[in-house]
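Please keep the sequence and the structure in view while reading.

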Amino acid sequence: MRVQSATEPGSPGHPNEDFTATAVPAGGTGGALVLLDGVTGPAAESGTPPGGCGHGVAWFAARLGGTLLERCAAARESPLRACLAEAISRCAHAHRAACDLSHPRTPQATVVCARWDEHDVEYLVLSDSVLLIEDHEGAVRPVLDSRLDDLLPAARRLPRAERVAWIESMRNAPGGFFTAAADPAVADRAVTGVVPRGEVRSLAALTDGVGRWVETFRLGGWSDLFTVLAGPGPAEAIRQVRAAELADPDGAAFPRGKAHDDATAVLALL
C-alpha cells in the first residue's frame with residue numbers, strides 16, 4: 001500500500017481547517033483513511049466565540065478526524081455510520097461543558113472515510129467532500145453527497161442578499177444538507193456503500209477546495225482529476241486549482257463562495 005497527500009490553507013496566516021490521516025495496521029492487509037473539511041462560520045458577535053465555541057473549527061476537525069480514524073481502525077466490526085456517530089459523541093463530550101453545542105454554527109465538518117480489508121472496501125461521505133474509487137481498468141467512480149448542490153438552483157432564484165441565510169437555514173435541517181457537528185444522529189444521513197476489494201485499485205479523497213478543479217473551474221472530469229492525483233500527485237492538483245483561482249480573483253468567470261479555500265487531497269494505492 002502507498003499513500004500520498006497534500007494540503008494547503010486557503011489564506012496565509014489562517015488555520016488550515018482541513019484534516020486527513022490514514023491508519024495501516026502493522027502486518028495486516030487492511031487500513032483506513034479519513035478526510036474532514038471544517039466548516040468556517042461567520043464572524044463572531046462581539047465578545048462571543050464563533051458558534052458559541054472557543055476551540056475553533058481547526059481543533060474540531062482534528063479532534064473529530066482523529067477519533068473517527070481510531071474508531072474505523074479499532075472497531076472493525078462496527079459499520080462506518082456507527083463509527084462516525086461514536087466519534088461525534090466523543091468529540092461533543094470533550095467540549096460540551098465549556099461550549100454551546102446547541103448553537104447552529106457550533107464547529108462542524110464534512111466527512112469522507114474509507115476502510116478496507118482483504119474482502120471489502122467500505123466508504124462513507126457526508127456533505128461536499130468527495131471520494132474517488134478507481135478500478136483495475138482505470139475507470140474512476142465519484143462518490144458524492146449531492147444534497148448541498150441540489151439546493152443551489154433554488155438559492156440562485158433568491159435575491160443575492162438572501163441566499164447565504166437561506167442556505168444556512170437548510171444546514172442539518174429536513175430537506176436540506178448535513179454536516180457532522182454535535183448530533184451523532186447525522187451519521188445516518190451519510191452516503192455509504194461497500195465495494196469488493198478485488199475491484200478497487202486505489203482511492204482518492206478530496207475536500208471541496210480540490211474538488212473545485214472539476215466542479216468550479218471545469219478543468220476536466222473526475223477521471224481527469226484522478227489522473228493528475230495519481231501522476232504528478234496531490235500537490236500538483238492543488239497547484240492547478242490555485243492557478244485557476246489567481247486567474248479569476250474576483251470570481252467573475254467562475255463564481256464561488258471564497259476566492260481561495262483550504263485544499264486537501266489524499267491518494268491511497270491499495
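Is N172 buried or partly exposed? With a relative accessibility of 34%, N172 counts as partly exposed, because buried means under 20% and exposed means over 50%. The model discussed here is predicted.

## Two loop residues with positive phi

N172 sits in the loop between α4 (160-169) and β8 (191-196). Its backbone has a positive phi of about 55 degrees, although N172 is not a glycine.

S127 is another residue that is not a glycine and has a positive phi, in this case about 80 degrees. S127 belongs to the loop between β5 (120-126) and β6 (130-134). The relative accessible area of S127 is 5%, so S127 is buried.

## Helix α5 against helix α6

Helix α5 covers residues 208-215 and helix α6 covers residues 222-230. Their axes come within 9 Å and cross at roughly 125 degrees. An angle of 65 to 115 degrees would count as roughly perpendicular and one over 145 as roughly antiparallel; α5 and α6 are therefore oblique to each other. The crossing of α5 with α6 is right-handed.

Which residues of α5 and α6 meet? From α5 there are V210, G211, W213, V214 and E215, and from α6 there are W222, D224, L225 and V228. Sorted by type, the residues of this contact of α5 with α6 are 6 nonpolar, 1 polar and 2 charged.

## Helix α5 against helix α7

Helix α5 also crosses α7, at roughly 70 degrees, and the two axes come within 9 Å. Angles from 65 to 115 degrees count as roughly perpendicular, so α5 and α7 are described as roughly perpendicular to each other. The crossing of α5 and α7 is left-handed.

On the α5 side, the contact is made by G209, V210, R212 and W213. On the α7 side, it is made by A237, I238, Q240, V241 and E245. The residues of the contact of α5 with α7 divide into 5 nonpolar, 2 polar and 2 charged.

## L229 in helix α6

L229 is a residue of helix α6. Its relative accessible area is 1%, and L229 is therefore buried. Leaving aside residues up to four places away in sequence, L229 touches L132, A204, L206, P234, A237, A265 and L267. Of these, A237 also takes part in the contact of α5 with α7.

How many Å separate the C-alpha atoms of L229 and V194? The separation is 23 Å, for two residues that are 35 residues apart along the chain.

## D261 and its surroundings

D261 is placed in the loop between α7 (234-247) and β10 (263-269). Because its relative accessibility is 7%, D261 counts as buried. Not counting residues up to four places away in sequence, D261 touches E8, P9, G10, D208, G209, R212, R242 and E245.

The side chain of D261 also meets that of K258 in a salt bridge, with 3.3 Å from N to O. What is the accessibility class of K258? K258 has a relative accessibility of 37%, so K258 counts as partly exposed, whereas D261 is buried. Salt bridges that share partners also join E8, R212, R242 and E245 into one network. Each of these residues, E8, R212, R242 and E245, is touched by D261.

## Other salt bridges

The count for the model comes to 14 salt bridges. One of them pairs the side chains of E86 and R90 at 2.8 Å, N to O. E86 and R90 both lie in helix α2 (residues 80-95), 4 residues apart, which is about one turn of the helix. E86 counts as partly exposed because its relative accessibility is 32%. R90 has a relative accessibility of 38%, so R90 also counts as partly exposed.

Another salt bridge is formed by the side chains of E122 and R115, at 3.0 Å from N to O. Is R115 buried or exposed? The relative accessibility of R115 is 1%, and R115 therefore counts as buried.

Note on methods. Residues numbered from 1 in each chain as written. Heavy atoms only, no water. Buried < 20%, exposed > 50% of the residue type's maximum accessible area, 1.4 Å probe, protein only. Contact = heavy atoms within 4.5 Å. Axes fitted to C-alpha atoms, helices over the stretch in contact; angles between N-to-C directions. Parallel < 35°, antiparallel > 145°, perpendicular 65-115°, else oblique. Left-handed = near helix turned anticlockwise from the far one by under 90°. Nonpolar A, V, L, I, M, F, W, Y, C, P; charged D, E, K, R; others polar. Salt bridge = Lys/Arg side-chain N within 4 Å of Asp/Glu carboxyl O.
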